[in-house]
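Please view the sequence and model first.

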Amino acid sequence: MSLRILTTAAFAVVVIVLPWLIPGFFTFQLTYVGAYAIAILGLVILIGNSGQISLGHGAFVGVGGYTVAVLLQSLGLSYAFSIPIAAIVCGVLGIALGAVALRLERVYLALATFALAASVSPLLKRFKHLTGGVQGISMPSPRAPQTLQHVMSNETWFYYLTWGIAALLFAIAFKGLHGHVGRSLRAIRDSEIAAVAFGVNPVFYKTLAFGWSAAYAGVAGALLAIVTAYVSPDVYGIALSLTLLAGAVMGGLDLMWGAVIGGLVIEFLPLWAQGINPALSSVVYGIAEVAIMMFMPVGIAGALTRFKALRS
Amino acid sequence: MNADGGSILSAQNLTIRFGGIAALADVTFDVAPGQITGLIGPNGAGKTTCFNCITRLYQPASGTITFNGEDISRVPPHKVVERGIARTFQNLELFGSMSVLDNVQVGARGGAPQAREMLDYVGLSEVANRPVRSLPFGARKNVELARALATKPRLLLLDEPAAGFGYEEIEVLGQTIKRIRRDFSTTILMVEHQMQLVMGICDRIIVLCSGKKLADGDPASIARNPEVVDAYLGGGC
């Protein structure tokens, strides 16, 4: 227990100090990692704990991104309003998808969520007046508030905002997953009939898991849109959903901090692959993914935990 | 109502069909409070189906189930445990990836302290934090028992508690079940094939055969009943 507090504190210190030690572009990349970690945490909740699969979380990232873009650009709302609204919009859509998911299992659910992922970018192109069509929506880059302007760069400020939100969402997830809610989700996953016999309402908890994870994906989408200062339909294709899922699996679906590792992997592994061989970057990326799954079938976080358990 | 002047559980004319086969056909029985009632019958008699109707996992085509004076035929399955009915499963249904303590805590009325108390009761405190799937078979059966007891049941349904047990373990199990009835003042309805156990501890026995009730009475009268003997020796019902 105290070890957990210690490592969390050490990690927090690293996150806080890092922007002062590294170049601005690296800070920018780590902001992406924070946002990806939030989206992947949503998948840890949904897939890892409630045992339902989603190949379509990129859709919620897209909806979150567009919600925030429209609210900021067309309505002139602040981050403080538009990011929570993106979370709520995606949460409600997630609950709706969760209600459909109740009737579908395993491969059928995978296919249905896959269809969702595939439908987002054509839909965004179709409703031009709201979404800007294929051109998307441009936004001004995030700017630090007046009082902080001379203390830190805009990148550093938004990095802190992203990781601050991530810390809050991780804390909520920690509280939820380690208590009654998490126990109920895992009970349904392990044996639905026993869970029901012991008072767990599967309809409620399964839908809750979908809404909760979609809300996280929505926040991630909002942050990604703001830091990129741009949303366009083709960013939110099937590839994004699959990348998030790959990040969740490689990080480790059973452990919350696997989401941070997953975020690091999906941000930096493609860049590393590019460095190895620019022409074959996706092949290198694919081979690296296969290697991770072969040698660490429970994800990187799971493998590290096992390694620690073996040593003690 | 039965002769003992009251029933905690009453099934009236239960009928349920699976694809044309009547798994239960017009089955009526009562369970008296504080008694250990055995539900026996050859394979396929409808015993577990009966349990699944009581716990609302199955919706009978017709008939009513009254528990504690309330018709529970429309109660949602996840609300049954609140009414005071808890069960164990024929093929263990534990939450495999979760710790022993977490398993018992799902449904525990009094949260973690209550769950710990029940683990203590079945002698599993030492392994409370181990993943349940790492336990041997017998211990896992006890986790199921602790999980059911932690809900403070007024009616405990045991689905083949002796399955997979040897002679001596069955002796101990019989003592345990009687001890549970005393310590928790609970009523017990038990599906069991193991006649040594059934005859040893049951106050009353209900015999099902091919979805119909064949007999109902105290162990001695059931043992003498020619129809029951015939059914068990393969003579059909």
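## Core and helix packing

Leaving aside its neighbours within four places in sequence, Ala220(A) is in contact with Ala35(A), Tyr36(A), Ile38(A), Ala39(A), Val61(A) and Gly64(A), where contact requires C-beta atoms, placed from the backbone, to lie within 7 Å. The model is predicted, so that local features need pLDDT of at least 70 and side-chain atom pairs count only at pLDDT 80 or more, whereas totals for chains, interfaces and linings use all residues. Residues are numbered from 1 along each chain as its sequence is written, with chains lettered from A and ligands numbered from 1 in the order in which they are written.

Ala220(A), together with Leu41(A) and Val219(A), has the most contacts inside the largest nonpolar core, which has 164 residues; such a core is a set of buried Ala, Val, Leu, Ile, Met, Phe, Trp, Tyr and Cys residues joined through C-beta atoms within 7 Å, and buried denotes 20 or more other C-beta atoms within 10 Å of a residue's own, C-beta atoms being placed from the backbone. Helix H10 of chain A (residues 202-228) gives the most to this core, with 17 residues, helices being DSSP runs (H or I) of at least four residues, numbered from the N terminus.

Nine of the eleven residues of H8(A) are buried, so this helix is largely enclosed by the rest of the structure. The buried residues of H8(A) pack against these helices, among other partners:

| Helix | Chain | Residues |
|---|---|---|
| H2 | A | 24-49 |
| H7 | A | 154-177 |
| H9 | A | 192-197 |
| H3 | B | 100-105 |

H10 of chain A is also one of these partners.

How values were computed:
A residue is buried if 20 or more other C-beta atoms lie within 10 Å of its own, exposed if 12 or fewer, and partly exposed in between; C-beta atoms are placed from the backbone. Helices (H or I, at least four residues) and strands (E, at least two) are DSSP runs, numbered from the N terminus. Two residues are in contact if their C-beta atoms, placed from the backbone, lie within 7 Å.
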